[in-house]
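Reader: I'd like a close look at one part of this model, with a bit of context around it. Could you walk me through it?

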Amino acid sequence: APSAKQAIQSAIKEVKKALPGAQLIEASPDYVGLTDMAEALGISRQAMRKHMLDDPRFPTAMHQGNPSLWHWVDVLMWAKAKWSDRIAPDWIEVAKVTRHLNLQQAAKKAGFKLSA
């Protein structure tokens, strides 16, 4: 597909065709922990934690706890500013699409409709 959005929409359509009644529960990658981030960025979990604690520009966790979770797109945007050579543009596009799909699902459950 020419874009991540079209590829994901096509995949959802094909699943619904093969499994009528199937519903999207959650799109991924959207939520990531420190270990996920570190593996994707090619650094140790300890180094990732150090960045989280020491860099004031590091994104705020969307869930603080055990484990803490971040939106992957926020981490990718931070990482792109820090290490532009480690972040493929399609990673950011996919992360934006999955975050939007999850926001749409949450809004739908709450009785709201988000625009495309």
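Reader: To get my bearings, how many helices and strands does the chain have? And then, at what angle do helix α4 and helix α5 pack?

Author: First, a caveat: this is a predicted model, where local features need pLDDT of at least 70 and side-chain atom pairs count only at pLDDT 80 or more, while totals for chains, interfaces and linings use all residues. Residues are numbered from 1 along each chain as its sequence is written, and side-chain values use heavy atoms, with hydrogens and water left out.

The chain has five helices and two strands (DSSP runs, H or I of at least four residues for helices, E of at least two for strands, numbered from the N terminus). Along the sequence they follow the pattern α-β-α-α-β-α-α. Of the 116 residues, 30% are buried, that is, under 20% relative accessible area with a 1.4 Å probe, protein chains only.

Now your pair. Helix α4 covers residues 72–82 and helix α5 residues 89–109; they pack at about 155 degrees with axes 8 Å apart (lines fitted to C-alpha atoms over the stretch in contact, with angles from 0 to 180 degrees between N-to-C directions). α4 and α5 are therefore roughly antiparallel, the label for angles over 145 degrees. On the α4 side, the contact (heavy atoms within 4.5 Å) is made by W72, V73, D74, L76, M77 and K80. From α5 come W91, I92, A95, K96 and R99. By type, the residues of this contact are seven nonpolar, four charged and no polar (Ala, Val, Leu, Ile, Met, Phe, Trp, Tyr, Cys and Pro count as nonpolar, Asp, Glu, Lys and Arg as charged, the others, Gly among them, as polar).

How values were computed. Angles under 35 degrees count as roughly parallel, over 145 as roughly antiparallel, 65 to 115 as roughly perpendicular and the rest as oblique. Buried means under 20% relative accessible area, exposed over 50%, partly exposed in between (1.4 Å probe, protein chains only).
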